[in-house]
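Dear colleague,

I am passing on a structure that you have not worked with before, and below it I set out what was found. Please keep the sequence and the 3D view open while you read.

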Amino acid sequence: MGFFRAAAERAYRRLLALYPAEFRADFGEEMSLLFRDRNRDERLLPLVVDVLVDTLKTAPKEHLAMWSQDLRYALRSIRHNPGFTAIAAASLAIGVGANAAIFSLADALLLRPLPISSPQDVVSVGALSVRSPLALDGANVSYPDYLDFRDRSRSFAGLVAGQTRALAMGTDRSSPPRLTLAMLVTANFFDVLGVNPVLGRSFRPSEGETPGRDPVAVIAYSTWQSAFDGDPSVLGRTVRLNGVDLTVVGVTPRRFTGLNLMERPAAFVPLAMAPALLGAEGSRLLENRDDRSLTVKGRLAAGVTVDQAGTELKTVARALAQEHPATNRDRDVAVRTELQARLANDPVDTALIGMLTALVALVLFIACANVASLLLSRSATRVREVAVRLAIGASRSRLVRQFLTESLVLALLAGMLGLVLAYVGVNFFRTLPLSTDLPVVIDVRLDERVLLYSLGAGLLSVLGFGLVPALRAGRPDLVSSLKAGSAGVAAPGGTRGRQGLVVVQVALSLVLLAASAAMTRGFQRTLSANPGFRTQGLLLASFAPTPQRFSIEQARVLYRRLRDEALRLPSVQNVTLSRAFPLSVQLHEVRFLPEGMDLRQGQELQTTLGNVVGPEYFEVAGVPLMSGRPFAETDTEETPRVAIVNEEAARRYWPGEDPLGKRLRLGSADGAWAEIVGVARTHKYLWIGEAPSPFVYLPFRQSDLQAMTLMLLADGDPAPLAEALRETATRVAPDVAMFDVRTMEDLYLSRGVGIPRMLVQTVATMGLLGLGLAVVGLYGLMAYTVSCRTREIGIRMAIGAGRPAVLGMILRQGVGLALIGIGLGAVGSAAVSRGLASMISGVRAGDPVPVVLMAIALVAAAALATIAPASRAARIDPLQALRQE
Amino acid sequence: MDPDQLLPLPPPVFHILLALCDGERHGYAVMRDVAERTAGRVRMSPGTLYGSIKRMLEQGLVEEVRSRQAAADDERRRYYRLTRFGRRVAEAEASRLDDVLRQARAHGLLPSRG
């Protein structure tokens, strides 16, 4: 045989690898022989061509045939076991659906990637030295620092900065302005982020250069649609922001909603316009190196890692610290992925999502235990089927693959059913109250990410729990299974495994139930206790006079007039000004240095939440002063600066001392001294479940704030006052945006009560789902046990056991399993309650009441789940049972 | 199973059935038989041949001959033969084709016989 012919034969044997292994095992040898025969008789070249074409044509066909056969087997097996399929798919669907719903919430709050091109290459640049509770400016960068980072680094293809502000916006002169969010951005913003306007252009580099020179704006798609009816000739028209006319030069694409998951800016304006839009505050923003309030994002240059970029910027930060010691001493910088930055900047949501994810994972685990348990008992009856099929020549890998196909079909079914449940959850989360006029949303939605997540979760669960039985099925003991007769005797290991699973299910569902009960009790405790501020009789209305129209002094005059007029309204008892109010998102941070305090290396200031308030605030808001005095009309710019702290701040910064008369440096390490003149009682500031946190009040007359909220204390229901107040405001300040007019009670009900209630409902739903799944698991096991023990029970009854005895025996077994689970669950609950107590005030670590209550409920549920199989066992006819064999 | 359910047969399957009508054969013999009968027009390449045989085995049209005495042949070769069901299917397909031909003649597509 020629060299070529021999080579062709070898090559053909290799080519056979294209066929499925099983086909190859059956016919590979024959096919090589056939090739050899033809190789002997035919011309080489036509043979090679013919065989090549043949292989390419028939190999895919064989694969397809095999898959479709697997699928047919899987569908048949699923059809022939409707009970198994229904329980397994429903259990999984519940687990997957609950997880998908929480994922959609997590996605809306934390996970969804930025709506820009290649978001994975965009990182967050933030200052590090100040640990801040809100991270509003603690993680942010000043404009001069931004410029230095931009100009002195090579790690980035581009570095952008921006700041989202609440500004008054109008689209024509006749209608009153309304408050919205706008983002001040560097001129390279859209280009670096890869956001191409659907209409018009992005900013030119020159538009970022000279402060106040280029009054242009790129409006958001939503603004284009709502304010301009999607008019294609919108370019060149005018939007008014804080009284400044800006020419529309572009419209963002619909999917670009800004750099924050929740805030939806209505317009984008060059940062260089900040002085025009924000007055003195805007000039400070551009000039002061310690005005750290910009969000900075960078697109990494090709091949540069996050760590490399971080190292480079740290070098720049060290140089800046040397060049500008007054502002940059001990300042560090961090380059983080978008996700890392979000997790760090939003610890409350991160903790909440972490908790919900952990709890919902338990639900999925309980659901998977049901599936695993079902598969275990099925694999016992299946051993025979497998043995028969192996005996007639099916390969083990084929059987394993077929079981996996079955699992995949099940996963798909569960994933799709789960999506339906997730949809219910998503709709529930969409009712999350936000209670503000600003374009802020929690965009919970069922999108392709949730879809992928559910299918993935279904797949992982089924594979994780289907693989073990599949692999076991691949290795049965042929002879003994064939000998075992048709009874399908359960391997004792199978039942024991299932008992273990049920114990774990009960334990986990107790953990879930106890967690939801502990949270419910915690919130009840918190809500029934005084939240620490007045919730009734208060009307709130926010104002945003623009720096264009109002100097600081003019704004003060305006507010004095508004207050005087409001005091004259019927039933109004008192009126005060406040920058923010309890549970609002507008609370800001106060940075200060307590006198005589030694700061750790890398720290220059303390940062706490704070508020700027009028003298009457403490009376109006119902926050009692524990010592000292409230602010007075005499605390003005001309008099020494004063501050009021809460008890928590006093306890933290001056432990064991009287804080009255102590001093703070405000704003920076060499800021003005302010003397503490009062101590206010600590209350809830951000949300009702928070732990006591330090808080600093500063007087309105010593601040230069312009946007303030008027708080009216009324005799009786304050809601009817809103109309009168609106008329007053229109008369006194016709061109000032008034927004977020509502009663404190509404705010409290939505933020204070609504969100905790939603949280409790979510966790309670998880608890109930877990309980339901565990009960199904227990019921399934007991029913199975009874059916396996029919003969044994028959014998017991034949030799004298009464029906009550049999009933009791099965009940004892079921409830006994539950009790073991409850014991384990109680231990787990103790750990979980410690975690909850650290997150939600009102929850007490190790509180036995929720655990005991839920344990009782679980025992009752276990007894209910066992009663049907037990009574079936008690009805067994001994004669029939013994005849069965 | 009703043989009619399998009709019409894919051409390679019918050719293999025809080749096995006269007795058991191995793959190469089947291939050569088909090639000879069709004057080389129908080629049975390995993938087509064994893919068809695989399905025919599953459908019970053919079976492998396990106890072969023919020691002269290469031992590794597998021989196949028609099952009774396979023969019925082949007959059903032949009669179906006959029917088709008769109709073709009636419409003058083929010269009528005799």
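In this predicted model, helix α2 of chain A (residues 21-41) packs against helix α2 of chain B (residues 27-37), with the two axes 9 Å apart and an angle of about 50 degrees between them. The crossing of α2(A) and α2(B) is right-handed. On the side of α2(A), the residues that take part are L34(A), D37(A), R38(A), R40(A) and D41(A), and they meet G27(B), Y28(B) and M31(B) of α2(B). Sorted by class, this contact between α2(A) and α2(B) is made up of four charged, three nonpolar and one polar residues.

Turning to the sheet, chain B holds an open one of three strands, which follow the order β1-β3-β2 with antiparallel pairing. The edges are formed by β1 (25-26) and β2 (62-65) of chain B, each of which pairs on one side only. Helix α3 of chain B (residues 46-59) packs on this sheet, where it touches β2 and β3 of chain B, and the direction of α3 makes about 100 degrees with that of β2(B).

The pairings themselves can be followed strand by strand. Strand β3 of chain B (residues 79-82) runs antiparallel to β1(B), and two bridges join them; within this pairing, R25(B) has Y80(B) in β3(B) as its bridge partner. Between β2(B) and β3(B), which also run antiparallel, there are four bridges, and here the bridge partner of E63(B) in β3(B) is R81(B).

Chain B has a mean pLDDT of 86, with 89% of its residues at 70 or more, and the model as a whole scores ipTM 0.88 and pTM 0.77.

Key
Residues are numbered from 1 along each chain as its sequence is written. Chains are lettered from A and ligands numbered from 1 in the order in which they are written. This is a predicted model: local features need pLDDT of at least 70, side-chain atom pairs count only at pLDDT 80 or more; totals for chains, interfaces and linings use all residues. Side-chain values use heavy atoms; hydrogens and water are left out. Two strands pair if DSSP finds at least two bridges between them. Contact means heavy atoms within 4.5 Å. Axes are lines fitted to C-alpha atoms, for helices over the stretch in contact, and angles run from 0 to 180 degrees between N-to-C directions. A crossing is left-handed if the near helix is turned anticlockwise from the far one by less than a right angle, and right-handed if clockwise. Ala, Val, Leu, Ile, Met, Phe, Trp, Tyr, Cys and Pro count as nonpolar, Asp, Glu, Lys and Arg as charged, and the others, Gly among them, as polar. pLDDT is the predictor's confidence in each residue, from 0 to 100.
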